[in-house]
Amino acid sequence: MLPAIAAALHHLAAFLVVACLVAQRLMVTEPMTPGLARKVVALDVTYGLASLALIAVGALRVHFLEKGSGYYFHNALFLAKIGLYCLVGLVSILPTRTYIRWRQTLAKGRTPLFSAERRAKVTLCLDLELAGVAGIIICAALMAKGIGAF
Ligand code: HEM
């Protein structure tokens, strides 16, 4: 039963990550208002929590609930998946730092500044994160079937 619950949580967290990224990507193209900025900040917090849930549940699955760590650490696509997860995490730093500044501005009752240059950087990061997550999902499906084993 526990492996099935963990698998369900893993899938839910993965879908939540994609949903948060897509919603952010659509919202940051709009002219920024305090209300919109608050929603984007909330989406980023949800995204961060879902990412943490993915690594926590994923680690439990690797070590205790699925095929054993020997299976995963001898699979190139699992290692690629973890590498992509780390890269996506690194790329997410720039948008998150932007939103942290927005929170400080919002707390002072002002509308966050969102220059065209910053907007271009944030949208590029979100596009890269979405591409990375797509790669993670492909690696996950293939490695679960034993493809990439060495
Ligand atoms: C954005 C991050 C992640 C996404 C989108 C994601 C997505 C998925 C998906 C869709 C599956 C199901 C594959 C299938 O059964 O066809 C899966 C399985 C799995 N994932 Fe993740 N995952 C992520 C991060 C992680 C991390 C960080 C770990 C390890 C620490 C991990 C460990 C696992 C394990 C052990 C399985 C089970 C594979 C099996 O059935 O043998 N995942 N993941």
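The model is predicted: local features need pLDDT of at least 70, side-chain atom pairs count only at pLDDT 80 or more, and totals for chains, interfaces and linings use all residues. Residues are numbered from 1 along each chain as its sequence is written.

**Exercise 1. The ligand shell**

Task: find which residues come nearest to the ligand, and which helices supply the shell around the ligand.

Solution. 
- Step 1. Helices are DSSP runs of H or I with at least four residues, numbered from the N terminus. At least two shell residues come from each of α1 (2-27), α2 (34-65), α4 (76-91) and α6 (116-144).
- Step 2. Sort the shell by type: 15 nonpolar, two polar and three charged. Ala, Val, Leu, Ile, Met, Phe, Trp, Tyr, Cys and Pro count as nonpolar, Asp, Glu, Lys and Arg as charged, and the others, Gly among them, as polar.

**Exercise 2. The cores**

Task: identify which members of the largest nonpolar core touch the most others.

Solution. 
- Step 1. A residue is buried if 20 or more other C-beta atoms lie within 10 Å of its own, exposed if 12 or fewer, and partly exposed in between; C-beta atoms are placed from the backbone. A nonpolar core joins buried Ala, Val, Leu, Ile, Met, Phe, Trp, Tyr and Cys residues through C-beta atoms within 7 Å.
- Step 2. The largest core has 15 residues, and V17 and L21 touch the most other members.
- Step 3. α1, α2, α5 (93-107) and α6 each give two or more residues to this core. α2 gives the most, with five.
- Step 4. Beyond four places in sequence, V17 is in contact (C-beta atoms, placed from the backbone, within 7 Å) with Y47, A50, S51, L54 and V133.
- Step 5. Another core, of six residues, lies apart; Y72, L77, I136 and M143 are among them.

**Exercise 3. The faces of α5**

Task: state where the buried residues of α5 fall around its axis.

Solution. 
- Step 1. P95, T98, Y99 and W102 are buried in α5.
- Step 2. Down the axis of α5, the buried residues fall within an arc of 95° (directions from the helix axis to the C-beta atoms), so they line one face.
- Step 3. These buried residues pack against α2 and α6.
- Step 4. I93, R97, I100, Q104 and A107 are exposed on the other side of α5.

How values were computed: Near = placed C-beta within 6 Å. Contact = placed C-beta atoms within 7 Å.
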